[in-house]
Amino acid sequence: MLIRLTYLSKATRDMNMQDIQDILTVARDNNQGLEICGMLCYDQRYFLQTLEGPRDDVNELFLEIAEDPRHDDVVIISYEYIDATTFGSWDMGFAPATDAFYKLLNDVGQNSFDPRALTPEQAVSFLSGLSEQHQTNN
Ligand code: FAD
């Protein structure tokens, strides 16, 4: 059984690119072994991440991530059973806050990144857009 879990959280301090890179290095290594894929983005001290893969592995990983002291105020936005993964090209993609990021954000009605105000559909659509853009540009 495959699921897609999407959550938001607040960083406990400002994150620089090295901090993000540290997260991604571990995430990519672990996720590949677990056949979990997804997308992470960070701006305005908010993280928004989607994790896709086998249900029990995603649940377990999420509980571990939620305990990470680099963020708190973790909120699950959506939890869906899926037939196939849609972020399959990424063991964990990352999208920095570029012009393209803001263009997609405008498409879901925001000028400043505030994932708390996104509906579940908007959050997943935003992350899918970032994932597609990222694949086109890389
Ligand atoms: P370790 O790396 O040894 O971690 C031990 C403990 O220290 C863990 O509780 C960890 O949370 C904490 N920790 C690790 N590095 C730091 C640091 N620099 N500062 C403070 N505390 C630290 N991991 C994945 O495998 N896949 C993901 O998709 C993923 N996404 C993440 C998204 C976010 C927003 C964050 C903040 C973390 C994410 N992580 C992810 C990292 C995850 O929380 C764990 O650090 C990772 O799974 C490794 O944990 P570990 O116990 O195996 O080993």
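This is a predicted model: local features need pLDDT of at least 70, side-chain atom pairs count only at pLDDT 80 or more; totals for chains, interfaces and linings use all residues.
1. Glutamine 44 lies in the loop between β2 (37-43) and β3, where helices (H or I, at least four residues) and strands (E, at least two) are DSSP runs numbered from the N terminus. Although glutamine 44 is not a glycine, its phi is positive, at about 50°. With a relative accessibility of 42%, glutamine 44 counts as partly exposed, given that buried means under 20% relative accessible area, exposed over 50%, and partly exposed in between (1.4 Å probe, protein chains only).

2. Arginine 45 is also found in the loop between β2 and β3, and it has a positive phi of about 70° without being a glycine. Arginine 45 is partly exposed, its relative accessible area being 30%.

3. Residues are numbered from 1 along each chain as its sequence is written, and side-chain values use heavy atoms, with hydrogens and water left out.

4. Taking a disulfide as a pair of cysteine sulfur atoms within 2.5 Å, the count comes to zero. The sulfur of cysteine 37 has its closest cysteine sulfur, that of cysteine 41, 16 Å away, and this is too far for a bond. Cysteine 37 is buried, with a relative accessible area of 6%, and cysteine 41, at 0%, counts as buried.

5. The ligand has 17 residues around it, among which Asn30, Asn31, Gln49, Glu64 and Asp68 come nearest; a residue is near if one of its heavy atoms lies within 4 Å of the molecule. An N or O atom in the side chain of asparagine 30 is 2.8 Å from an oxygen atom of the ligand. A polar side-chain atom of glutamate 64 lies 2.9 Å from a ligand oxygen atom, and for a polar side-chain atom of glutamine 49 the distance to an oxygen atom of the ligand is 3.1 Å.

6. The lining of the largest pocket takes its largest share, six residues, from α1. Ile23, Ala27, Ile65, Asp68 and Arg70 lie nearest the centre of this pocket, out of 18 lining residues. Here, on a 1 Å grid over the protein atoms alone, a pocket is an open set of points where a 1.4 Å probe fits, with protein on both sides within 12 Å along at least five of seven lines, and lining residues have an atom within 4 Å of a point.

How values were computed. A polar contact is a pair of N or O atoms within 3.5 Å; within protein, one must be able to donate a hydrogen and the other to accept it, and residues adjacent in sequence count only if both atoms are side-chain atoms.
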